[in-house]
Amino acid sequence: VQSEKHCRYGFMWTFLNAQIVAYYFAAGRSGETPRKVLGKSNGNQSILMDAYSGYNALVKLDGWDRAGCQSHGRRKFFDAGEDSPVTLKALEFIRWMYLVEYEAEERNIKGTPEHLELRRTRTLFIFRAFHRWLVEERPRYGPRTPFGKAIRYALKQRHAWMRIFRNAAIPLDNNASEAALRVVALLRKNALFLGHDESGENHA
C-alpha cells in the first residue's frame with residue numbers, strides 16, 4: 001500500500017465455505033480480522049486453517065473448533081529434503097490418507113455419513129500409525145533441524161487434524177483457500193501497489 005514516506009503492507013484475507021468465497025482487506029494481520037468477519041460460533045462450527053497464531057482468539061474467545069491443514073504439514077516434510085527416506089515415508093502416510101478422499105469422491109459420497117465412516121475405518125488407522133511413527137522418530141532429530149521442525153509441527157497439529165473424524169464436510173487441507181488467493185497474487189503482480197486502504201477494500 002502506498003504511503004507518504006514508504007510503502008507498507010496490507011493484507012487480503014480469504015474466507016470460504018461450500019457456497020462462497022469472501023475477500024476482506026485489512027491493514028494488519030491481527031487476529032481481530034477473522035473475529036470481525038466470522039463472529040462467534042454457534043457452538044458447533046469448525047474453521048480449517050494453518051497453524052498461524054492469529055486465529056487463536058477465534059478459537060479461545062469465540063468458540064470455533066480448529067481444524068488443521070494436512071497440506072501444510074506435508075509441505076514441511078517435503079521442504080526438509082525430498083530425497084530423504086524419512087520424508088518419503090511421511091509423504092507416503094499422507095498420500096494414503098488422500099487416497100481415501102479420492103475414493104470418496106469417485107463414489108460420490110463426499111461429506112456424507114458414508115464418507116465419515118470411511119475415514120473412521122480406514123483413514124484413522126493410517127493417521128494413528130503415522131503419529132506413532134512420528135513419536136518414534138522425534139528423538140533422532142534436533143528441534144531446530146528441518147526434520148525436527150516438520151515432526152514437531154505435525155505432532156502439535158494432531159488434535160486439529162483429527163477434526164476430520166468428527167465431520168466429513170471438513171477437507172484434509174485448505175488448498176481451496178490457497179487457490180482463491182491466486183487472483184490476489186495476480187492483482188499484486190499486475191498492479192504492484194494499492195493507493196490506500198480504501199482501494200484495498202474496493203479490490204476486496
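Which residues in helix 3 meet which residues in helix 4? On the helix 3 side they are Gln70, Ser71, Arg74, Phe77, Phe78 and Ala80, and on the helix 4 side Thr87, Ala90, Leu91, Ile94, Met97 and Tyr98. These contact residues divide into eight nonpolar, three polar and one charged. The model is predicted, with a mean pLDDT of 93 for the protein.

**Overall layout**

- The protein has ten helices and four strands as its secondary structure.
- Read from the N terminus, the order of the elements is β-β-α-β-α-β-α-α-α-α-α-α-α-α.
- The C-alpha trace spans about 55 × 40 × 35 Å along its principal axes.

**Confidence**

- A pLDDT of 70 or more is reached by 100% of the residues of the protein.
- Among the elements, helix 5 (residues 113-137) has the highest mean pLDDT, 97.
- The lowest mean pLDDT among the elements, 89, belongs to helix 9 (residues 182-191).

**The hairpin of strands 1 and 2**

- Strand 1 covers residues 11-16 and strand 2 covers residues 21-26, and the two pair in the antiparallel sense over six bridges.
- Four residues lie between strand 1 and strand 2 in this hairpin.
- Within the pairing, tryptophan 13 stands opposite tyrosine 24 of strand 2.
- Leucine 16 stands opposite valine 21 of strand 2.

**Helix 3 against helix 4**

- Helix 3 (residues 70-80) packs with helix 4 (residues 85-106) at an angle of about 155°, and their axes are 9 Å apart.
- Because of that angle, helix 3 is roughly antiparallel to helix 4, as angles over 145 degrees count as roughly antiparallel.
- The crossing in which helix 3 passes helix 4 is left-handed.

**Helix 3 against helix 6**

- Helix 3 also packs with helix 6 (residues 146-156), at an angle of about 165° and with the axes 8 Å apart.
- This angle therefore makes helix 3 roughly antiparallel to helix 6.
- Helix 3 passes helix 6 in a left-handed crossing.
- From helix 3, the contact takes in His72, Gly73, Lys76, Phe77 and Ala80.
- From helix 6, the contact takes in Pro146, Phe147, Ala150, Ile151, Tyr153 and Ala154.
- By class, the residues of the contact of helix 3 with helix 6 are eight nonpolar, two polar and one charged.
- Phe77 and Ala80 of helix 3 take part in the contact with helix 4 and in the contact with helix 6.

**Helix 4 against helix 5**

- Helix 4 and helix 5 pack at an angle of about 175°, with 9 Å between their axes.
- The two helices are therefore roughly antiparallel to each other.
- Helix 4 contributes Val86, Lys89, Ala90, Phe93, Ile94, Trp96, Met97, Val100, Glu101, Glu103 and Ala104 to the contact.
- Helix 5 contributes His115, Leu118, Arg119, Arg122, Thr123, Ile126, Phe127, Ala129, Phe130, Trp133 and Glu137.
- The contact of helix 4 with helix 5 has 14 nonpolar, two polar and six charged residues.
- Ala90, Ile94 and Met97 of helix 4 meet residues in helix 3 and are also among the residues of helix 4 in the contact with helix 5.

Note on methods. Residues numbered from 1 in each chain as written. Predicted model: local features only at pLDDT ≥ 70, side-chain atom pairs only at ≥ 80, totals over all residues. Heavy atoms only, no water. Axes fitted to C-alpha atoms, helices over the stretch in contact; angles between N-to-C directions. Parallel < 35°, antiparallel > 145°, perpendicular 65-115°, else oblique. Left-handed = near helix turned anticlockwise from the far one by under 90°. Contact = heavy atoms within 4.5 Å. Nonpolar A, V, L, I, M, F, W, Y, C, P; charged D, E, K, R; others polar. pLDDT = per-residue confidence, 0-100. Pairing = 2+ DSSP bridges.
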